[in-house]
Amino acid sequence: ADRFKSSKVRLGLLQCLQSMAKADSRALQPHWTTLMPLQQPLHPRPSSGHLLAMTLHDPISKLRSMAAATISCVLEGPPQRAYLAVAEARSMTPTAHTAVRGFTTLSVSLGRLVLALHEGLLHAVECESNLAVLSVQLRALCVL
């Protein structure tokens with residue numbers, strides 16, 4: 001039961017994001033780090049309202065499905081594959097061989113994003129009981 005009707009707002013947001021991704025896929029690329037997690041995607045009720053948190057924790061199955069479909073929509077297509085091609089997956093723990101920088105490079109941020117999405121989507125697939133939502137989550141995992 002959605003006592004405060006907030007599910008309509010979340011649904012509208014997801015529909016808007018999907019429309020934006022379909023209209024101009026590159027326009028959302030600078031905002032990926034806001035829309036998707038960079039680390040620790042499995043925290044119960046993360047403080048940020050990213051798409052993966054909706055896929056994992058939303059009580060309404062339609063919204064979990066729409067959130068996974070939005071992830072697919074944002075990541076799908078040749079421009080996104082080219083953008084993700086620069087992703088660098090390094091160890092998350094610093095070692096003596098890594099240089100200390102005052103910033104995080106785009107390639108490292110994208111690498112963290114891909115790893116966090118992969119971990120979160122795998123967990124979503126393992127825990128989902130609704131078959132319709134599961135199929136959309138599997139598609140998002142395949143697009144990733």
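**Briefing: a chain of seven helices**

Leu 14 is found in helix 1, which covers residues 6-23. The model described here is predicted.

**The chain as a whole**

- Of the 144 residues in the chain, 40% are buried.
- The chain has an accessible surface of about 8,600 Å², and carbon and sulfur atoms account for 59% of that surface.
- When contacts between residues at least 6 apart in sequence are considered, 65% of them join residues at least 24 apart.

**Helix 1 with helix 4**

- Two packed helices are described by the angle between their axes and the distance between the axes.
- For helix 1 and helix 4, the axes come within 9 Å and cross at roughly 20 degrees.
- Helix 1 is therefore roughly parallel to helix 4, since angles under 35 degrees count as roughly parallel.
- The crossing of these two helices, helix 1 and helix 4, is left-handed.
- On the helix 1 side, the contact is made by Ser 7, Arg 10, Leu 11, Leu 14, Gln 15, Leu 17, Gln 18, Ala 21 and Lys 22.
- On the helix 4 side, the residues met are Lys 62, Leu 63, Met 66, Ala 67, Ala 69, Thr 70, Cys 73 and Val 74.
- By class, the contact of helix 1 with helix 4 holds 10 nonpolar, four polar and three charged residues.

- Leaving out residues up to four places away in sequence, Leu 14 touches Leu 51, Met 54, Leu 63, Met 66, Ala 67 and Thr 70.
- Leu 14 and Ile 71 are 57 residues apart along the chain, and their C-alpha atoms are separated by 9.5 Å.

**Helix 4 with helix 7**

- Helix 4 spans residues 61-75 and helix 7 spans residues 131-143.
- The axes of helix 4 and helix 7 come within 8 Å, crossing at roughly 20 degrees.
- That angle makes helix 4 roughly parallel to helix 7.
- Helix 4 and helix 7 cross in a left-handed sense.
- Helix 4 contributes Ser 61, Arg 64, Ser 65, Ala 68, Ala 69, Ile 71, Ser 72 and Leu 75 to this contact.
- Helix 7 contributes Val 133, Val 136, Gln 137, Arg 139, Ala 140 and Val 143.
- The residues of the contact of helix 4 with helix 7 divide into eight nonpolar, four polar and two charged.

**Ser 65, in helix 4**

- Ser 65 is found in helix 4.
- Ser 65 counts as buried because its relative accessibility is 17% and the cut-off for buried is under 20%.
- Setting aside residues up to four places away in sequence, Ser 65 touches Val 133 and Val 136.

**Gln 80, in helix 5**

- Gln 80 lies in helix 5, which covers residues 78-84.
- With a relative accessibility of 1%, Gln 80 counts as buried.
- Apart from neighbours within four places in sequence, Gln 80 is in contact with Ser 25, Arg 26, Gln 29, Trp 32, Val 74 and Leu 75.

Key. Residues are numbered from 1 along each chain as its sequence is written. This is a predicted model: local features need pLDDT of at least 70, side-chain atom pairs count only at pLDDT 80 or more; totals for chains, interfaces and linings use all residues. Side-chain values use heavy atoms; hydrogens and water are left out. Axes are lines fitted to C-alpha atoms, for helices over the stretch in contact, and angles run from 0 to 180 degrees between N-to-C directions. Helices (H or I, at least four residues) and strands (E, at least two) are DSSP runs, numbered from the N terminus. Angles under 35 degrees count as roughly parallel, over 145 as roughly antiparallel, 65 to 115 as roughly perpendicular and the rest as oblique. A crossing is left-handed if the near helix is turned anticlockwise from the far one by less than a right angle, and right-handed if clockwise. Contact means heavy atoms within 4.5 Å. Ala, Val, Leu, Ile, Met, Phe, Trp, Tyr, Cys and Pro count as nonpolar, Asp, Glu, Lys and Arg as charged, and the others, Gly among them, as polar. Buried means under 20% relative accessible area, exposed over 50%, partly exposed in between (1.4 Å probe, protein chains only). Accessible areas come from the Shrake-Rupley method with a 1.4 Å probe; for residues, only the protein chains shown count as cover.
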